[in-house]
Every structure is written in structure tokens, then in C-alpha cells.
Amino acid sequence: MSGLDVPAGVWPVRLDFETSDPTDDIRVIFSDGRRAYVSAKRKIDRGRPLEETLTGWVGQVPTLGPDDLLVIAGEELVGPVKNLDRALRRHRAGLRMETGDESRALTLLTDRLPSRVRGLILDRARVLHLPGSTGPAPHRDLLAALMDLVVADAQGHRAVSALADFFHRQAGEALGSSAEDWVAALTASGVTVIPDQGGPVAMRLASRRNAVDAYRSRLTAEAGRIDLSLLADDLPPLAVDDLVGGLRIDMEGERTSLPLLRRLRRWRRMLIVGQPGSGKSVAVREIAAHCASHADAPIPIPVSLPRLLKGQPGRLTIDGLVDDAVAGTVPDTDRAPLAAYLKEEIGRGCALVLCDGLDECEARAPWVAQQLEEILTSLHPSCGFVVTTRANAQEAAARLGLPRVELAPPQDLGPTVDSVLVACAEARIPEPDRAAFLATRRAWIEDAKEEHAHLLAVPLLATLLALVCANAPDADLPKGRAALLHRAVEQSVHRWEQERLRGTLAPARPWAPTLTTGMLLDGFVTLGRLLDGEATPPAGRALESLTGMLMDPLRWAMPPAAASEVAEHVLRFWDEHVAVFVVNSAGELTARSKVFTEIATAMWARSCGAEELRDWLHHALAHTDSDGAIALAAGLDPRTTKALLDVGETRREATLMVADLAARGVVTLSDNVMERVLGQLTDGVLGALAGEPALPRGPSKPPKFFPALWDRTRNTGPWPFVEAACLLALPSASRRQRADLVGLSKLDGTAESIAQTLCALTDARTDASPLSRAEINALREVLVLPLPQDPEMVQKGRRRWKMVGGGSLTPGLAQVALGTV
């Protein structure tokens with residue numbers, strides 16, 4: 001800058017007015033860190049303005065840095081002061097004064113300065129002569145011409161006026177501002193600074209400002225975004241309002257979950273632990289979006305640790321973290337200024353570094369944690385730092401010393417699930433049909449909250465369940481959630497294959513080139529069967545089972561080394577990518593839901609031999625927790641129905657299951673098979689009348705408390721067989737056989753009336769015809785049968801109570817009521 005003799009390439013970056021410094025008018029901070037303490041006067045002579053200035057300079061000496069300057073600036077210089085600038089320049093150059101005017105000007109200072117600081121002040125003193133600065137300003141035309149080189153649309157005069165007004169207001173309020181603030185002031189006044197990385201400082205700052213704005217906009221645009229491409233190419237990403245507000249954490253010692261944002265604002269640093277699909281990456285994305293959209297929040301720096309590791313760095317540095325955050329968010333030309341800005345904010349303690357996926361670094365997770373520890377110790381104490389991981393890498397993460405929290409299940413994913421259904425309806429269903437489409441699927445989801453509540457507590461699986469429901473035709477919905485989830489399992493594999501072919505899979509952790517969809521599906525079956533036979537097998541045993549499957553000569557016949565490598569990728573797919581079979585913090589394989597082990601067992605049943613299938617059914621029938629797998633297997637493969645009827649020749653429960661599956665529409669029976677079922681049901685009636693015992697049925701592991709509540713052993717009388725026959729959708733030719741079955745069952749009058757009414761309701765539904773007048777009258781008689789009274793607790797003693805009254809509903813009456821709906 002002219003008059004100050006600062007080196008080339010050094011420019012002002014901040015101005016502060018009316019400071020608390022001894023020289024208090026203006027403090028200028030330059031780009032290299034030096035400062036100039038300015039005493040600003042309108043008129044300067046040998047009187048009071050000069051005396052005050054010198055007093056301030058003397059007081060400023062103790063705080064001067066190596067290159068700091070002392071400046072006196074004035075509009076009018078009078079007397080010897082007019083020659084002071086020239087005299088000081090000759091003094092700094094070590095030259096003798098040339099004229100008496102120069103000597104008298106220098107004497108003005110030397111006579112007034114204490115000897116102890118005289119030499120230092122003379123070396124640092126600068127004079128700025130600013131003629132016409134408070135009156136008419138002809139020099140403004142020159143300033144405007146210079147500004148025209150920096151601002152767009154020849155708005156130089158407007159830019160000069162805007163900055164003059166800005167600085168005047170700041171001086172009046174004793175405020176300060178940076179070069180970034182000056183560019184912002186121009187922008188606010190409607191003046192556009194031309195961005196140019198190779199231009200003057202204002203143009204470079206405008207370029208950086210544009211890069212930062214683009215970065216913030218990119219992060220903010222991700223707020224509340226749910227990608228539905230897992231199962232639906234035709235659906236755009238879904239936006240959920242205030243998704244970040246629903247993120248909660250569990251902490252040791254706290255009874256209830258707490259809002260994540262509130263705790264993060266207080267702590268600024270934490271380790272977030274969560275299972276696959278629980279929303280760790282979403283949490284990082286939402287925190288980044290929230291901070292990016294609030295100017296007073298720390299600037300977020302989201303980092304993908306596995307992507308960072310893919311570059312095989314020898315060590316991790318803060319520069320590397322910043323480069324990862326910048327990559328892909330702005331054009332290449334903006335990366336350097338953006339990275340410089342982020343590093344400055346880190347240095348000021350105004351940044352939040354968000355490191356996602358420590359567990360995905362796999363075997364290198366301990367090394368990555370050690371590197372992050374070194375980075376963490378070098379950061380400004382106010383700089384935020386968050387790491388996310390699964391529980392299986394939390395031991396490595398412990399060395400970071402971050403407060404540990406667990407990502408809590410969302411309190412209510414209902415609105416999100418409903419938004420998925422609405423998005424599907426709007427994209428696929430004509431407007432007149434949307435209401436019916438949504439009503440059917442909302443009812444289906446409502447039922448699922450009871451049967452699969454654990455799925456609806458995991459964001460990934462809740463979205464998956466909603467998409468499965470939306471993708472299914474109306475006719476498939478009553479067939480059971482397991483059947484639809486089986487379809488989702490297969491579709492997730494094929495979707496992965498499509499993404500791999502398109503090159504859209506995350507490149508940070510590539511998949512084994514030899515991995516195929518067939519291997520993944522076989523791996524799903526292997527893991528599910530392993531979990532079905534063992535509660536929580538170690539992850540090592542899961543890998544052994546997968547390796548054995550891949551080495552099997554009759555299946556994939558892979559060499560041991562290749563099979564071992566691919567086995568890790570198969571486990572990773574079902575553990576992380578789809579998150580249905582998950583390795584927990586103890587290194588054990590677990591199922592997110594029992595329904596997935598049922599699906600795996602059903603898929604196995606589809607491929608096993610006939611004898612093996614019958615043997616499995618024979619043993620599984622005793623356990624009610626196998627019913628889902630049997631039903632799904634029957635829906636996937638007609639061989640299961642035949643095998644059940646083969647077993648039904650000696651195990652009545654197998655026949656009853658076939659009849660139930662047919663009545664629910666899970667399987668469709670041919671006329672010949674229907675006759676076989678009726679024949680076995682007739683045999684069941686005769687066996688019951690002869691006193692044949694019923695097969696005990698219940699959970700494979702009965703609960704410790706109230707096990708009788710879980711007993712599903714059928715009634716030993718003939719009614720279970722009669723009811724099953726009455727609910728079968730029979731062709732006209734087979735109804736005589738059913739009537740004979742009811743006739744030989746020796747039912748009492750009430751039971752026989754119920755049976756006849758059930759037959760009439762089933763036949764009317766099968767034939768799509770109304771009930772006859774006689775059938776309607778019979779139905780009315782059944783519906784007025786007395787219901788059992790509600791039980792009540794009666795006190796029999798001081799500490800003794802007894803349940804009295806009540807009773808069970810007449811068998812078959814509930815089915816009649818349901819049939820009339």
C-alpha cells in the first residue's frame with residue numbers, strides 16, 4: 001500500500017474502529033498478520049493532534065509486533081508536518097536530511113519522544129496524507145475507475161459509495177469488519193464483485209464466497225432427503241420435514257432418549273454408535289445440512305472415512321479430511337478457495353468435523369482411530385468433532401476419548417412410512433384410484449406395527465417395508481408380510497447388481513469382482529439357516545459357513561482363498577448393505593427380525609430334496625414359531641403343499657395347516673388335492689372321535705412365565721377339522737363330501753348350526769352369490785348366541801383375589817362374525 005511501505009502481496013484484511021488500543025482511531029490487520037495502528041486527524045500541525053498521536057504511539061510500543069506500524073493520517077498537513085513523511089523515509093533509509101525542512105520535521109518527533117522508544121517509533125512511523133477526504137472528493141472518480149476493474153456492470157461509483165457508507169456506520173458504532181464483510185456489504189448493496197482466483201483480493205474473496213455458498217447449498221439441499229432407489233427407480237428422493245429434529249440418542253445414566261442436536265451443541269464432540277440401517281450416515285448428513293443452513297453454526301466438514309482410506313494415505317491429516325469433504329461438492333476451480341476457508345474456520349474453532357463410517361474401515365479401523373486421535377489433539381479446543389461407528393469398532397474408537405452415545409430408534413417413523421406410500425401413489429396410481437390404494441396399504445402397515453414392530457423401528461427396514469407394501473398388487477397383500485419381504489430380499493440383490501453394472505455403487509469400498517447375485521442369495525439362505533439353528537452364532541462361524549457354501553463342489557466350487565474373500569463380501573452385503581443379518585457389538589450374528597430367518601428357511605426348502613423337506617416339516621410342525629417359514633415355503637413352492645399332505649397322513653396338524661393356507665389364499669389347491677385334503681380332514685374327525693391325542697404345539701423355547709398362554713395345541717374333539725373343512729373354497733362337486741364330514745362329526749345343535757352357517761358363507765363368497773333367505777335366517781340365529789360374560793376380579797381374602805365369571809367364545813362363532821364383514 002502506498003505510503004505504508006508494506007511488501008507487495010500484502011493487503012488489509014480487517015479494519016476496527018474506535019478500539020481500546022492506546023492509538024485507538026483505527027486498527028488495520030494485514031494478510032501477513034502485521035498491524036497498523038492509525039491516528040486519524042483532519043488537520044495536523046505541531047499542536048494538540050500531533051501531541052495526542054505521539055502519546056498514543058508511546059503507549060502502543062509494548063504491544064507492537066515485529067512488523068507492526070504506527071500511522072498518522074490527515075486531510076491537511078500544516079507547517080513542518082508537511083515534510084514529515086519524506087523525513088521519516090530518509091531516516092529509515094539511513095540517510096542524512098537533505099533540507100532544513102526535513103530536519104525540522106524530524107525534530108518535531110525526536111524532541112517529543114522518550115529516548116527509550118524514540119528509535120523504534122521513528123522506524124515504525126508512517127504518514128498518510130489524504131487531501132479532500134472530508135469535502136468534495138475528486139479522487140472518488142479515480143477510486144470508481146479502479147473499482148470498475150473489480151465489480152460488474154461498471155458500478156464502480158456505487159461500490160465506492162457503498163463502502164464509504166459502510167465504514168462510516170462502523171466508525172460511528174465502534175465496530176470492525178473483515179475483507180469478507182466488505183465483499184458482503186457490496187453484495188448487499190446490489191454490487192456484484194467479479195469472482196476471479198487470479199485477481200485482486202476482493203475478486204479472490206468473491207470467488208471464495210461463491211465456493212462457500214455453493215458448498216453450503218449443496219449440504220443444505222440434502223436435509224430430510226430419503227433416497228428410494230433401493231426398490232424403485234421411478235420415485236424421486238423423498239423430503240421429510242425436520243428429520244434432524246427427530247434424531248435422538250441414548251446415554252448411559254439417562255432413562256429417556258435425548259435430542260441429538262441439543263447434546264451436540266453442548267458437547268461439540270461425541271462418538272455416535274449405531275447398528276446398520278439405524279441412521280448413522282443420515283445423522284451425519286442431517287447435522288451437516290442443519291449447520292450449513294445456519295450462519296451462526298460451525299461450518300460442517302463431513303468426511304467419509306472409508307472413501308478417505310481408499311486413497312491409501314500414509315497418514316491422515318486435517319488437510320486430507322478437508323479435501324475429502326470438498327471433493328465432489330463444488331467444481332474443481334472452487335476447491336482450493338473452499339479448502340482454504342474450511343482450514344481457516346478449523347483454526348478459529350468455528351468448524352464441526354463429521355467423520356462417518358469408522359467401522360467400514362474394517363481391519364484398518366484401529367489405525368484410522370489412532371490417526372484421528374492425533375488430528376483431534378491438534379485442533380482448536382472449540383472445534384467440533386464427531387465420529388460414527390458400529391459397535392464392532394467402538395473398542396478402536398475408545399482411544400479418541402470422545403463421549404459415547406447410541407443412536408436411538410426413531411420415536412415414530414409413521415409419517416416417513418406414510419410419505420413413502422404417498423410418493424408411490426402419486427408416481428404410479430391414477431388420481432381417482434389413489435385414495436383406495438393408500439387406504440389398503442395404510443391398513444396393511446397398521447397391522448404390521450403389531451407383527452413387525454421391530455422392523456418399523458429401524459429407518460432402513462421401515463422404508464423397505466413401505467416400498468414392499470407399495471410395490472405389491474392388492475391381491476398379494478393378504479398373503480402375508482413374509483412373502484412380500486421375500487420379494488424385497490430378492491429385489492435388493494438384483495438392484496445391487498443393476499447399480500454395479502451402472503457404476504453407481506459407492507467406490508470407497510469396492511465389491512469382489514467374482515461376487516454374483518446367486519452367491520448373495522445362497523449366502524442369505526446359509527446365514528438364515530445358521531441363525532435358525534443357533535441363537536447368535538459368532539461372526540467367525542458365519543464366515544466359515546459361507547466359505548463352505550462357496551467351496552461346495554455342487555454349488556460354486558471356489559478355491560479356499562477365493563471363497564474366504566467372497567464370504568466376507570457376502571456377509572458385508574447382508575450385514576451393512578441390506579442390514580437384515582447384523583453382527584452385534586459382541587461379534588455375534590443376529591437377525592433384525594425373525595421373519596428373515598423364516599424367509600431363508602423357506603428359500604432353503606424350495607431347493608432341498610423331497611425326503612429332506614418332509615423330514616423338516618415333520619419336526620417343524622410341533623413348533624408354532626415355524627409356522628411363518630412353512631407358510632412362506634408353501635407359497636414359494638407347490639412341493640411344500642404336497643410334502644405337508646404326505647406328512648398329514650400321520651400328523652393331523654400338517655393337514656390343518658394346508659387347509660388354513662388355502663383358506664387364507666397363500667396356496668391354491670387343485671380339485672384333486674382338495675379331495676385329498678377333505679379325505680385327511682375326515683380321517684382327523686374319525687381319529688378325534690376315537691380319542692386320538694393331539695400333537696402338542698407351542699414355541700420351540702417356551703417362555704418362563706405363563707407358558708400356558710403360548711400353548712397352541714388343538715382341541716382334541718372333531719371341531720378343528722370341521723371348521724377347516726367349512727372354510728375351504730370348494731367346487732360344487734366336493735361340497736357333498738364336506739357335508740358328509742360335518743354329518744359324521746357328531747356335533748351338538750349349536751356347533752352344527754355354526755358349521756352350516758360357515759359353509760354357507762364360504763360358498764357364497766366362492767360363488768360370488770348372495771345367501772338364500774333360509775341361510776340368512778340361520779346366520780341371524782347364530783349371531784344372537786350369547787357371548788361369555790366379562791371376567792372380574794373378586795377379593796376372597798386380605799391378600800387373595802380370584803378371577804370369576806368369563807369363559808371362552810363358542811368355537812367357530814368368531815369365524816362366522818368375520819365372514820359376515
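1. Start with Lys 41. This is a predicted model, and in it Lys 41 is partly exposed, because its relative accessibility is 22%. The cut-off for buried is under 20%. The side chain of Lys 41 meets that of Glu 52 in a salt bridge, 3.4 Å from N to O. Glu 52 sits in helix 1 (residues 48–60) and Lys 41 in strand 3 (residues 35–44), so the pair ties together parts that are eleven residues apart in sequence. Glu 52 also counts as partly exposed, at 36% relative accessibility.

2. A salt bridge also joins Asp 418 and Arg 442. The closest N and O atoms of Asp 418 and Arg 442 are 2.6 Å apart. Asp 418 belongs to helix 16 (residues 414–428) and Arg 442 to helix 17 (residues 431–451), so this pair ties together parts 24 residues apart in sequence. Asp 418 is partly exposed, with a relative accessible area of 25%. Arg 442 is partly exposed at 37%.

3. Next, look at Glu 576 and Arg 509. They form a salt bridge, and their closest N and O atoms are 2.6 Å apart. Glu 576 lies in helix 22, while Arg 509 lies in the loop between helix 19 (481–502) and helix 20 (517–533), so the pair ties together parts that are 67 residues apart in sequence. Is Arg 509 buried or exposed? Arg 509 is buried, because its relative accessible area is 9%.

4. Salt bridges link Glu 360, Glu 362, Arg 390, Arg 509, Asp 575 and Glu 576. Across the whole structure, a search finds 50 salt bridges.

5. Now the nonpolar core. Which residues touch the most other members of the largest core? They are Phe 524, Trp 574 and Trp 616, out of 126 residues. Helix 18 (residues 459–471) gives the largest share of this core, nine residues. A second, separate core has 42 residues, among them Val 212, Ala 351, Leu 372 and Phe 385. In soluble globular proteins, nonpolar side chains tend to be buried together.

6. Leaving out residues up to four places away in sequence, Trp 616 touches Arg 529, Thr 601, Trp 604, Ala 605, Ala 629, Ile 630 and Ala 633.

7. Some nonpolar residues are on the surface. Leu 142, Leu 143, Leu 146 and Leu 149 form a nonpolar patch there, with about 410 Å² of accessible area together. Leu 142 is in helix 5 (residues 139–147). Leu 142 counts as exposed because its relative accessibility is 56%, and exposed means over 50%.

8. Step back to the whole chain. It has 33 helices and 19 strands. Its radius of gyration is 41 Å, well over the 28 Å that the globule rule gives for 821 residues, so the chain is more spread out than a compact globule. The C-alpha trace spans about 140 × 65 × 65 Å along its principal axes. One pair of residues gives a sense of scale. Ser 564 and Gly 119 are 445 residues apart along the chain, and their C-alpha atoms are separated by 78 Å. Ser 564 is found in helix 22 (residues 560–577).

9. Last, some totals. Of the 821 residues, 47% count as buried. The chain exposes about 39,800 Å², and carbon and sulfur atoms supply 53% of that area. Among contacts with a separation of 6 or more, residues 24 or more positions apart account for 67%.

Key: Residues numbered from 1 in each chain as written. Predicted model: local features only at pLDDT ≥ 70, side-chain atom pairs only at ≥ 80, totals over all residues. Heavy atoms only, no water. Patch = residues over 30% accessible without salt bridge, like charges linked within 9 Å, V, L, I, M, F, W, Y side chains within 5 Å. Areas by Shrake-Rupley, 256 points an atom, 1.4 Å probe, with all protein chains shown as cover. Salt bridge = Lys/Arg side-chain N within 4 Å of Asp/Glu carboxyl O. Helix = DSSP H or I, 4+ residues; strand = E, 2+ residues; numbered from the N terminus. Buried < 20%, exposed > 50% of the residue type's maximum accessible area, 1.4 Å probe, protein only. Core = buried A, V, L, I, M, F, W, Y, C linked by side-chain atoms within 4.5 Å. Contact = heavy atoms within 4.5 Å. Rg over C-alpha atoms; globule rule 2.2 N^0.38 Å.
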